[in-house]
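I opened the model to look up a few local features and kept notes as I went. The entries follow in the order I made them.

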Amino acid sequence: MTSIPCAACRDGDGFTLPFTMAFQPVIDLEARRIHGYEALVRGPAGEGAASILSQVTPENRYAFDQACRVRAIELAGRLGLDRRLNINFMPNAVYQPAACIRATLAAAARVGFPLDRITFEITEDERIDDHDHLSAIITEYRARGFAVALDDFGAGACGLNLLANIRPDIVKLDIGLVRGCDRDSTRQVILRAMTGACRDLGIGVVAEGVERPEELALLRGLGVRYVQGFLFARPALETLAGDGEIAYP
């Protein structure tokens with residue numbers, strides 16, 4: 001793997017395209033409260049994530065990944081977020097785990113955001129060939145107090161290998177499995193197997209993309225406690241939805 005200077009790992013200021021973050025709540029059904037918020041990249045005027053992600057290249061990927069972490073943490077601190085903060089990250093943009101976490105630690109220190117409230121989400125959109133390197137990243141992150149989630153589980157080809165090799169703290173079930181699950185017996189069998197495996201392994205489960213009460217009812221029946229989706233709240237640009245704004249079907 002190509003190395004980069006450790007100085008670059010500290011600053012993360014090489015991504016110059018303007019962007020910001022929207023925050024979508026993750027709901028705790030049992031406690032009937034917001035458990036945390038996922039930070040989602042947006043254009044400066046609220047443009048969709050694709051407007052920014054389409055301009056990420058192998059050359060600026062590292063700087064983009066670092067800039068997203070810093071922006072998410074700084075906004076969370078400014079908004080007074082007192083729950084968990086979920087940040088998507090690109091494992092292939094992390095060259096030296098101990099060095100490349102410095103900008104994250106510095107941002108958290110600046111705004112006083114507790115490290116043990118941060119969850120880093122690994123998306124299956126990014127092909128991961130070096131599982132040993134990913135394991136080294138996760139070991140470093142856990143040593144700092146971060147939790148690790150496997151995002152979009154069920155969408156990629158290597159999900160089961162990642163699950164076995166890295167043992168994440170949380171698995172986020174992909175929207176493609178959740179959408180219409182109440183009307184699809186095949187999805188129900190797959191979701192039952194996935195949630196059962198995670199329960200046996202002691203891994204938390206979040207269902208993404210919940211949009212209909214019928215989907216929610218099916219997930220509840222499978223023992224899913226944490227959900228995220230338009231049924232509860234859409235992402236809010238540089239704003240945190242409050243507990244009182246969540247309507248529970």
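**Entry 1: the end of strand 9.** I note at the outset that this is a predicted model. I began with E238, which sits in the segment after strand 9 (236–237). I read its phi as near 50°, a positive value in a residue other than glycine. Most residues other than glycine have a negative phi. I then looked up the accessibility of E238: at 28% relative accessibility, this residue counts as partly exposed.

**Entry 2: R32.** I found another positive phi at R32, near 55°, again in a residue other than glycine. R32 belongs to the loop that joins strand 1 (20–28) and strand 2 (33–42). Is R32 buried, exposed or partly exposed? I get a relative accessible area of 48% for R32, so I list R32 as partly exposed.

**Entry 3: helix 5.** I went through helix 5, residues 102–111, for burial and noted A103, T104, A107 and A108 as buried. I then looked down the axis of helix 5: the buried residues fall within an arc of 135°, so they line one face of the helix. On the face turned away from that buried side I found the exposed residues A109 and R110. Just after helix 5 comes G112, for which I noted a positive phi of about 70°.

**Entry 4: R84.** I looked up R84 in strand 3, which covers residues 84–89. Which side chain of opposite charge is nearest to R84, and how far away is it? I find D116, at 6.1 Å.

**Entry 5: G154.** I placed G154 in the loop between strand 5 (147–153) and helix 7 (159–166).

Notes:
Residues numbered from 1 in each chain as written. Predicted model: local features only at pLDDT ≥ 70, side-chain atom pairs only at ≥ 80, totals over all residues. Heavy atoms only, no water. Buried < 20%, exposed > 50% of the residue type's maximum accessible area, 1.4 Å probe, protein only. Helix = DSSP H or I, 4+ residues; strand = E, 2+ residues; numbered from the N terminus. Arc of directions from axis to C-beta. Lys, Arg positive; Asp, Glu negative; His and termini not counted. Salt bridge = Lys/Arg side-chain N within 4 Å of Asp/Glu carboxyl O.
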